Amino acid sequence: MTSGSHFKWASYQQFASKRSVVIPRAVVSPPSRAPCSFSVVSKSTNSSCWNMHSWSACVIGGGVVGLTTALLAQERGAEVTLVADKFKTETTSDGAAAIFRPSNSFNVITPENTKEVIAVSYRYYEKLLKEDAGVKLISGCNLSNESLASTRNSLLEGLVPEYRDATEMELKQYQGDWKFGTYYTTFLVENRFYLPWAEKKLIAQGGTIIRSTINDFSDVKNFGDFDLVFNCSGYGAKKLCNDLAVEPISGQLYRVDAPWCDKFVYANGMDTYVIPGYLATVGGSRHSESYRTKPCPHDGAAIWSRATALMPQLQTSQIREQWVGVRPYRSGGARVQAEVINGIKVVHNYGHGGHGVTSAPGCAAQAVQIAEDFLSLTKSEL
Ligand SMILES: Cc1cc2nc3c(=O)[nH]c(=O)nc-3n(C[C@H](O)[C@H](O)[C@H](O)COP(=O)(O)OP(=O)(O)OC[C@H]3O[C@@H](n4cnc5c(N)ncnc54)[C@H](O)[C@@H]3O)c2cc1C
């Protein structure tokens with residue numbers, strides 16, 4: 001029996017061009033015999049896809065991490081069934097500010113690996129600029145009154161197309177007598193568009209989507225005989241894997257009409273940001289060990305007061321909604337790792353905290369590579 005991580009990193013290009021590991025195709029048992037409660041959300045009618053699969057995977061999770069992992073597994077020849085109990089607007093992913101902006105402290109296994117994850121993610125989103133997937137480029141500033149260093153982002157420097165000191169004029173656009181700033185261009189990934197785009201693509205490529213709750217990894221057997229399971233359950237992993245390192249951190253934000261807002265701004269020390277989009281996003285807040293998904297009026301008032309102090313023009317903006325989501329934080333960093341649980345091969349991919357949109361493609365590519373290594377290793381042991 002094999003357990004633990006089997007990680008050999010390849011760049012995304014190598015990853016994308018590597019040949020599939022040939023694993024005998026699993027027989028998918030009819031879900032109608034499943035004793036648990038479920039509904040098939042979508043299933044492909046494209047039978048030509050079904051003959052091309054070389055391995056089968058069940059992906060638990062329909063947020064940005066699960067869907068991206070599912071798509072990259074399909075690219076590598078997997079027949080994919082995705083099972084989740086929440087989709088699109090019900091997920092954390094849907095409402096996230098969703099700017100491509102890892103913090104300097106974000107970690108996936110090691111600092112070198114984190115850098116690679118972010119670079120792979122960047123290239124993935126870059127390709128999606130040409131598609132109708134909700135990805136676009138935006139520019140703006142990190143501001144600080146303490147130091148220039150605190151506005152820098154070591155993971156973005158050298159990766160994004162524009163990255164420089166903010167000019168005096170750019171600093172003066174915001175109230176607060178800002179002394180330091182870094183200006184850069186990055187991606188906005190509007191999940192209200194990306195999640196439906198990814199679901200549609202998954203189905204078009206022969207995948208199946210099922211709504212059900214997985215209480216134990218053996219529950220996936222209700223939906224087929226899979227070679228492997230990807231666990232992309234976000235903060236749900238705390239319960240599913242009994243992983244005490246997972247900490248739900250709720251965060252609140254506003255969505256407002258502000259068509260004049262064409263630059264993002266992060267104000268260090270104020271914990272305040274404004275991001276342009278189909279509606280502008282105004283945040284934020286953080287509450288540890290909180291599963292709260294209903295807006296708190298006190299948090300709302302505090303966010304609005306800070307944001308309008310930074311950007312007084314917001315006072316005239318119409319508020320369209322307040323939203324609260326739960327970040328799947330994990331102390332020690334995101335978990336991208338293989339494990340055998342009750343005889344089921346599982347590759348975990350959860351715990352991305354406040355950076356799940358930013359890191360989803362890189363972590364997904366890594367999870368799929370671990371899966372391929374895991375399966376070929378198991379096969380050669382037979
Ligand atoms: C206020 C706020 C702002 C944010 N801003 C950004 C940002 O600017 N940039 C950024 O990169 N990130 C940001 N994030 C973080 C980002 O939203 C998350 O890291 C990301 O959405 C996590 O994606 P996920 O797919 O792991 O989780 P989720 O979107 O929560 O999806 C988890 C999925 O797993 C399923 N699931 C869980 N348990 C089970 C189970 N037992 N059985 C069946 N299904 C299960 C759920 O139904 C769901 O489909 C922000 C988060 C918040 C709250």
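Guide: Let's start just after helix H6, where Gly206 takes a positive phi of about 100°. Keep in mind that this is a predicted model: local features need pLDDT of at least 70, side-chain atom pairs count only at pLDDT 80 or more, and totals for chains, interfaces and linings use all residues. Residues are numbered from 1 along each chain as its sequence is written, and side-chain values use heavy atoms, with hydrogens and water left out.

Now the helix itself. Helices here are DSSP runs of H or I with at least four residues, strands are runs of E with at least two, and both are numbered from the N terminus. H6 covers residues 191–204, and its 14 residues should span 20 Å at 1.5 Å a residue; the end C-alpha atoms are 19 Å apart, which agrees. That expected span is 1.5 Å times one less than the number of residues. Among the residues of H6, Tyr194, Leu195, Trp197 and Ile203 are buried, where buried means under 20% relative accessible area, exposed over 50% and partly exposed in between (1.4 Å probe, protein chains only).

Next comes Gln205, in the loop between H6 and strand S7 (208–211). With 29% relative accessibility, Gln205 counts as partly exposed. Its side chain makes a polar contact of 2.5 Å with that of Gln74. A polar contact is a pair of N or O atoms within 3.5 Å; within protein, one must be able to donate a hydrogen and the other to accept it, and residues adjacent in sequence count only if both atoms are side-chain atoms. Gln205 and Val80 are 125 residues apart along the chain, yet 9.2 Å separates their C-alpha atoms.

Lys88, a residue other than glycine, has a phi near 40°; Lys88 sits in the loop between strand S3 (78–84) and H3, and is partly exposed at 32%. Asp177 also has a positive phi, near 50°, and belongs to the loop between helix H5 (168–172) and strand S6 (180–189). At 60% relative accessibility, Asp177 counts as exposed. Elsewhere, Gly283 and Gly284 are joined by a cis peptide bond, with omega about 5°.

On to the ligand. It is surrounded by 35 residues, and the closest include Asp85, Lys86 and Ser93; a residue joins this shell if one of its heavy atoms lies within 4 Å. A polar backbone atom of Val65 is 3.1 Å from a ligand oxygen, while a backbone N or O atom of Ile99 is 3.0 Å from a ligand nitrogen. Alone, the ligand exposes 1,000 Å², and the protein buries 95% of that (Shrake-Rupley method, 1.4 Å probe). Strand S14 (319–330) is one of the elements giving two or more residues to the shell, and S14 gives the most, four residues. Domain 1 (12–94 + 192–245 + 331–381) and domain 2 (136–187 + 247–327) both contribute to the shell, so the ligand lies between them; the domain bounds come from an automatic or database assignment.
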